[in-house]
Amino acid sequence: MRAAVLRDGRMVYRDDVAEPTPGPGQVLVEVTACGICGSDLHFAAHGEAVLATTKSMSGIPAADAAVDLGADIFMGHEFSARVLQAGPGTDTFPADTPVTSIPVLLGAKGIEPIVYSNITMGGYAEKMLLSAPLLLRIPNGLDPRHAALTEPMAVGLHAVNKSGITPGETALVLGCGPIGMAIVAALRAGGVEDIVAADYSRTRRELASVMGAHRCIDPAEGSPFDTVKPKVIFEAVGVPGIIDDVLRRAPAGSRLVVAGVCMQPDTVHPFFGIAKEISVQFVLAYEPAEFAASLQAIAEGKVDVSPLITGEVELDGVGAAFDDLADPDRHCKILVTP
């Protein structure tokens, strides 16, 4: 079986990967499309630091995951697929049914996140295993490439839901990468009437406008807070210093939602947030209902994800695609179509 795997920090193509066999409660599927996520790029470049930081935490399933960086690693968690075969005693959708799923595999070992693993296949492969109870049928007529973006759009929806924003409140989205775009789209679909997006890349600002931002700002020309008085700020950059700068500049009584994943130590001045009574909410991933709602929103045309797809490669082109995504002016989301 063909697949793209992470080996020594680089994505390499293989044509000799063993095809997985579905166990009870599992389904073998053929991958139709899989988006390349920024977290995959980060893991490829900083896998050792990611694993060390993750293992230092307690209370989340991923902290217990054992990954050998010296062996090939399977990745790819933004996918759509087609049912091929159900495991023993498993009732599921019939063969050829188009599906997607939360990237989690339920099995004898318990819960296995489909994110980076030496044994659990991800979406950068011809075939993979999914959990029958978690499958969602892709509505008839929906492009499977668009359905593959359900996962990142659910991340944006979760951030918006956690913010408690109302239509009349101004939202400021800092960072217009895929997650920032997903937040903009969720805000627009939720009826928010004043959405401001900020990014240094002109290309990404233009795309944020297409996705629903009412105004776009170039931080190189001045802080967004110089001209915008947001009630809710979404941080989708994930680099040290951003949170502290927001606390210093944000209006009193505002709310900060941190969606950007910063893996480095950071420093904040709590006094800024205390003096202005700023609420800070960290967010991760999504709830199952939000994943399903995101698929429905894409299928019904409430969220158009097609502008986000700026490239498409086969499995032997994943390595080059990882390199290309380093340029924010060149790509937003590249899909792998095995």
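# Questions on a predicted model

Student: Where does alanine 285 sit?
Tutor: Elements here are DSSP runs numbered from the N terminus: helices are H or I with at least four residues, strands are E with at least two. Alanine 285 is not a glycine, yet its phi is positive, about 55°. Its place is in the loop between strand S17 (279-282) and H8.

Student: What is phi for aspartate 96?
Tutor: Aspartate 96 lies in the loop between S5 and strand S6 (98-101). This residue is not glycine, yet its phi is positive, near 80°.

Student: Which residues touch the most other members of the largest nonpolar core?
Tutor: A nonpolar core is a set of buried Ala, Val, Leu, Ile, Met, Phe, Trp, Tyr and Cys residues joined through side-chain atoms within 4.5 Å. The largest one has 44 residues. The members that touch the most others are Phe43, Met75 and Tyr124.

Student: Which element gives the largest share of this core?
Tutor: Several elements give two or more residues, among them helix H1 (38-55), strand S5 (78-86) and helix H9 (318-324). Strand S3 (26-35) is also one of them. The largest share, five residues, comes from S3.

Student: How many residues are in the second core?
Tutor: The second core is separate. Its members include Met181, Val192, Ala259 and Leu308. Its size is 43 residues.

Student: Is glycine 319 buried or exposed?
Tutor: The place of glycine 319 is in helix H9. Neighbours within four places aside, it is in contact with Arg10 and Met11. At 13% relative accessible area, glycine 319 is buried.

Student: Which residues does serine 131 contact, leaving aside its neighbours within four places in sequence?
Tutor: Serine 131 lies in strand S10. Its relative accessible area is 0%, so serine 131 is buried. With those neighbours set aside, its contacts are Gly25, Val104, Leu105 and Leu106.

Student: What is the angle between helix H3 and helix H8?
Tutor: Axes are lines fitted to C-alpha atoms, for helices over the stretch in contact, and angles run from 0 to 180 degrees between N-to-C directions. For H3 (residues 150-163) and H8 (residues 288-299), the axes are 8 Å apart and the angle is about 115°.

Student: Why is H3 called roughly perpendicular to H8?
Tutor: Angles under 35 degrees count as roughly parallel, over 145 as roughly antiparallel, 65 to 115 as roughly perpendicular and the rest as oblique. The two helices pack at about 115°. That makes H3, relative to H8, roughly perpendicular.

Student: How are H4 and H5 oriented to each other?
Tutor: Helix H4 (residues 178-189) and helix H5 (residues 202-211) have axes 9 Å apart, at an angle of about 25°. Therefore H4 and H5 are roughly parallel.

Student: How is H3 oriented to H4?
Tutor: The axes of H3 and H4 come within 7 Å and cross at roughly 60°. That makes H3, relative to H4, oblique.

Student: Which domain does UniProt place at residues 178-299?
Tutor: Over this range the chain is 39% helix and 16% strand, with the end C-alpha atoms 19 Å apart. UniProt positions use the numbering used here, feature names are shortened, and annotations may be inferred rather than shown by experiment. The unreviewed UniProt entry gives the domain as "Alcohol dehydrogenase-like C-terminal".

Technical notes. Residues are numbered from 1 along each chain as its sequence is written. This is a predicted model: local features need pLDDT of at least 70, side-chain atom pairs count only at pLDDT 80 or more; totals for chains, interfaces and linings use all residues. Side-chain values use heavy atoms; hydrogens and water are left out. Buried means under 20% relative accessible area, exposed over 50%, partly exposed in between (1.4 Å probe, protein chains only). Contact means heavy atoms within 4.5 Å.
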